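Me: I'd like to learn how to read a fold like this one. Could you walk me through it, feature by feature?

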Amino acid sequence: MILADGFGEHNLEDVVSILVRIVEAAGAAIIFVGAVIAFVRFLAIAVRPRGLDPFARVRLNLGRYLVLGLEFQLAADILRTAVAPNFTELAQLAAIAAIRTALNFFLGREIKEETELVRADQARPTVSTAAPPDASAKPP
Amino acid sequence: MIVTVVDAAALLVAAAGLIAAAVALATTRAVPLAIAVLLDFFTAAVLLRLAVRVSWAALGAAALTIVVRQLAGRALAAARGARHRLGFDLVRHPIPWITQYASPSLIEAISFGGHPRGEDPRWRESGAPDQPTYAAWCSRWCGMACFRMALLARDGVAPSLYELAIGCAEYGAYVDGPDRPRGLIYRPFAEYARDKHAMEAEVITELDAARLRSELDAGRLVIASVSSQIRLPATGPAKTGGHLVLVTGHAGDLVTFHDPAGHTPQAGIATLPMPVFDRFAAHRGVSLPV
């Protein structure tokens, strides 16, 4: 089939394939960079332990990178539907899109829950700093 | 070429996940957290592979990742929930009982029998450079013992009582009196805890029973000012305050605390009805997130 403007189907496939590769590579790069950053932060926390919260924050950030990378990969899936030639490939495409969407949903939910936990921890009640001096000077 | 690079990256990420999970486990002893960390990195590795290799096996691995992530997430949430419900943390180290005197067996003789507090054969365990220094400090170390318990609960390791006290003194939490150090002064202590141990200690000047429960429910430990007579709760307190204990949890109307001057194991890790604890309390203290 020749398109009206003379742009061939094979040419269209080639262009879409390149676009898919670029978008997928961007998604993969984001995920990889996120994993590297998380790994470095984990090691930094290990050098100076500070309890559980810092780990939760690093996981939160890693989760955000994963979600962003997944968004790119989903975009690549959508692009790929333009050139999927047979039923098997279409089925795989649908499955992979479904799994990525599910992962995206669950990751998003985890991030939301984790963010609420971190916020709840930060929103603890504060005390007055205007206490009389002797109130804070108790032995031993 | 791209496939090879991405495959190598996925392998690297998976290996990093193993190391990060081991680090998380070694640092916090929190198994659910370590599993969650491992799954985070494995998810990243699976997604990387899926970016270049679309196969039913890769899809199955991704689907399995989702299921396992959900199960691990529930386990972590359950552990957190249990911590908040029970007032103690399932995912941190056990809270040890640390006494302010080097020999717990001598506390009764020191407190009630007139035994000289400096004459303790185990004084070196406090980290003090010499026995007179130990003798001058040990009766003032209830706050340091509480703080050390909290650090051990969080990190599994902690400096000696003497090192902690000297660190606090540099922040003004102990000041030299005519014959011995005076303190613990809460605000400089809180600054020291924040700066040197990354523990966001919070001074509380109105520590009533409700506030104490809310701090414990939030998973924190509380250094509370009480009378040292709390060791003998059947007696009435002559005064409130003057001594510090580490409150570790509550269940219903009962409150559990570690007393650095407990003269028996039962007095060292004690559980009292909240109204009884309240009679001995000065209603001020320091909250410690661990």
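Predicted model: local features only at pLDDT ≥ 70, side-chain atom pairs only at ≥ 80, totals over all residues.

Me: How many helices and strands does chain B have?

Reply: Chain B has 11 helices and eight strands. Of its 290 residues, 49% are buried.

Me: Where do I look for the nonpolar core, and which residues have the most contacts inside it?

Reply: The general idea: in soluble globular proteins, nonpolar side chains tend to be buried together. Here, the largest nonpolar core has 62 residues, and Cys146(B), Ala150(B), Phe189(B) and Val247(B) have the most contacts inside it. Helix α6 of chain B, residues 142–155, gives the largest share, nine residues. Take Ala150(B): leaving aside neighbours within four places in sequence, its contacts are Leu221(B), Leu246(B), Leu288(B) and Val290(B). Apart from this core lies another one of 48 residues, including Ile31(A), Val13(B) and Leu38(B).

Me: Is Leu38(B) buried or exposed, and why?

Reply: Leu38(B) has 21, so it counts as buried. You'll find Leu38(B) in helix α2 of chain B, residues 31–52. Not counting residues up to four places away in sequence, Leu38(B) touches Gly17(B), Leu18(B) and Ala21(B).

Me: Back to α6(B). At what angle do α6(B) and α7(B) pack?

Reply: Two packed helices are described by the angle between their axes and the distance between the axes. For α6(B) and α7(B) (residues 161–170), the angle is about 110° and the axes are 9 Å apart. The two helices are therefore roughly perpendicular to each other. On the α6(B) side, the contact is made by Met144(B), Ala145(B), Phe147(B) and Arg148(B); on the α7(B) side, by Leu161(B), Leu164(B) and Ala165(B). That's six nonpolar residues, no polar and one charged.

Me: What is the order of strands in the open sheet?

Reply: Strands of a sheet pair through backbone hydrogen bonds, either parallel or antiparallel. This open sheet has six strands of chain B in the order β3-β8-β4-β5-β6-β7, with antiparallel pairing. β3 (202–204) and β7 (269–273) stand at the edges with a single partner strand each, so one side of each has no neighbour in the sheet. From one strand to the next, the twist averages 30°. For one pair up close, five bridges join β6 (residues 254–258) to β7(B), and Thr256(B) stands opposite Thr271(B).

Me: Which strands does α6(B) lie across?

Reply: α6(B) lies across β4, β5, β6 and β8 of chain B, running at about 40° to β5(B). Helix α8 of chain B (residues 186–197) packs on the sheet too, touching β3 and β8.

Methods: Residues numbered from 1 in each chain as written. Chains lettered and ligands numbered in written order. Helix = DSSP H or I, 4+ residues; strand = E, 2+ residues; numbered from the N terminus. Buried ≥ 20, exposed ≤ 12 C-beta atoms within 10 Å, placed from the backbone. Core = buried A, V, L, I, M, F, W, Y, C linked by C-beta atoms within 7 Å. Contact = placed C-beta atoms within 7 Å. Axes fitted to C-alpha atoms, helices over the stretch in contact; angles between N-to-C directions. Parallel < 35°, antiparallel > 145°, perpendicular 65-115°, else oblique. Nonpolar A, V, L, I, M, F, W, Y, C, P; charged D, E, K, R; others polar. Pairing = 2+ DSSP bridges.
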